[in-house]
Amino acid sequence: MTRWWKQPTAGDIVWCFFPQDDQLEPGPKARPGLVLKVRRVLGTDQQFAVEVAYGTSQKVDSLYSGEFLVTGSDGDAFQLSGLSYPTKFNMTKIVELPYNDQWFAVPPQPRHGQNPKLGTLHASLVLRLRAARGS
């Protein structure tokens with residue numbers, strides 16, 4: 001039986017099985033994802049879908065158009081993120097996924113209880129997010 005997680009908030013950084021291709025199947029390993037939008041699934045009170053951006057700790061020395069980086073040099077903002085490593089988020093890789101245990105998991109070191117939340121994007125990083133999105 002599928003377990004649905006409680007409603008997240010835009011700006012949450014979550015542990016996500018982001019799809020690797022266009023077939024929209026859960027990826028083989030969980031990775032950070034940035035929740036951009038949340039909507040209630042029609043006809044339900046407790047089920048949500050989230051628009052989530054891809055995160056990776058790989059190749060963080062090379063930022064491309066549409067990406068922004070969160071690192072330890074961001075101080076308190078990095079601590080609030082809940083990330084263990086410098087991570088870049090790609091605003092050109094965004095998908096809407098059901099917020100359930102097929103797509104999201106409790107992180108290895110849960111700081112927010114038994115749910116997928118790693119942390120939160122600090123307000124000081126919103127300008128980077130907007131620049132990466134081109135807005």
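Select Phe-89 to start: at a relative accessible area of 0%, the residue is buried (buried means under 20% relative accessible area, exposed over 50% and partly exposed in between, with a 1.4 Å probe and protein chains only). The model on screen is predicted, so local features need pLDDT of at least 70 and side-chain atom pairs count only at pLDDT 80 or more, while totals for chains, interfaces and linings use all residues. Residues are numbered from 1 along each chain as its sequence is written, and side-chain values use heavy atoms, with hydrogens and water left out.

**The aromatic pair**

Phe-68 and Phe-89 form a tilted aromatic pair, 5.7 Å centre to centre with 35° between the planes. The structure holds 3 aromatic pairs. Rings of Phe, Tyr and Trp (its six-membered ring) pair if their centres lie within 6.5 Å; planes under 30 degrees apart are stacked, over 60 edge-to-face, and the rest tilted. Phe-68 is in strand S4 (residues 67-70) and Phe-89 in strand S5 (residues 87-98), so the pair ties together parts 21 residues apart in sequence. Strands (E, at least two residues) and helices (H or I, at least four) are DSSP runs, numbered from the N terminus. Phe-68 counts as buried too, at 3% relative accessibility.

**Lysines**

Stay in strand S5 and select Lys-88. Is Lys-88 buried or exposed? Lys-88 counts as buried, at 5% relative accessibility. Show Glu-67 as well: the side chains of Lys-88 and Glu-67 make a polar contact of 3.2 Å. A polar contact is a pair of N or O atoms within 3.5 Å; within protein, one must be able to donate a hydrogen and the other to accept it, and residues adjacent in sequence count only if both atoms are side-chain atoms.

Go on to Lys-93 and Tyr-54. The charged end of Lys-93 sits over the ring of Tyr-54, 4.3 Å from the ring centre (the cut-offs are NZ of Lys or CZ of Arg within 6 Å of the ring centre and within 35 degrees of the ring normal).

Next, select Lys-59 in the loop between S3 and S4. Lys-59 is exposed, with a relative accessible area of 68%. Its phi is positive, about 55°, although Lys-59 is not a glycine. Most residues other than glycine have a negative phi.

**Asp-74 and helix H1**

Select Asp-74, in the loop between S4 and helix H1 (76-81). Asp-74 counts as buried at 17% relative accessibility. Its side chain is joined to that of Arg-128 by a polar contact of 2.6 Å.

In helix H1, pick Ala-77, which is buried with a relative accessible area of 2%.

Gly-11 is in the segment before strand S1 (12-16) and counts as buried at 15% relative accessibility.

Thr-56, found in strand S3, counts as buried at 10% relative accessibility. Thr-56 and Pro-86 are 8.5 Å apart, C-alpha to C-alpha, and 30 residues apart in sequence.

Finish with a surface view. The largest pocket has a volume of about 370 Å³. Of its 19 lining residues, the closest to the centre are Trp-15, Pro-32, Ser-84, Tyr-85 and Leu-118. On a 1 Å grid over the protein atoms alone, a pocket is an open set of points where a 1.4 Å probe fits, with protein on both sides within 12 Å along at least five of seven lines; lining residues have an atom within 4 Å of a point. Grid points are joined across faces, edges and corners, and a volume is the space filled by probe spheres set on the points.

Which strands each supply at least two residues of this lining? Strand S2 (31-40) and strand S3 (48-56) do. By class, the lining of the largest pocket has 8 nonpolar, 8 polar and 3 charged residues (Ala, Val, Leu, Ile, Met, Phe, Trp, Tyr, Cys and Pro are nonpolar; Asp, Glu, Lys and Arg are charged; the others, Gly among them, are polar).

The second largest pocket has a volume of about 200 Å³. Among the 13 residues that line the second largest pocket, Phe-18, Pro-19, Gln-20, Asp-21 and Lys-93 are the closest to its centre. This lining divides into 6 nonpolar, 2 polar and 5 charged residues.
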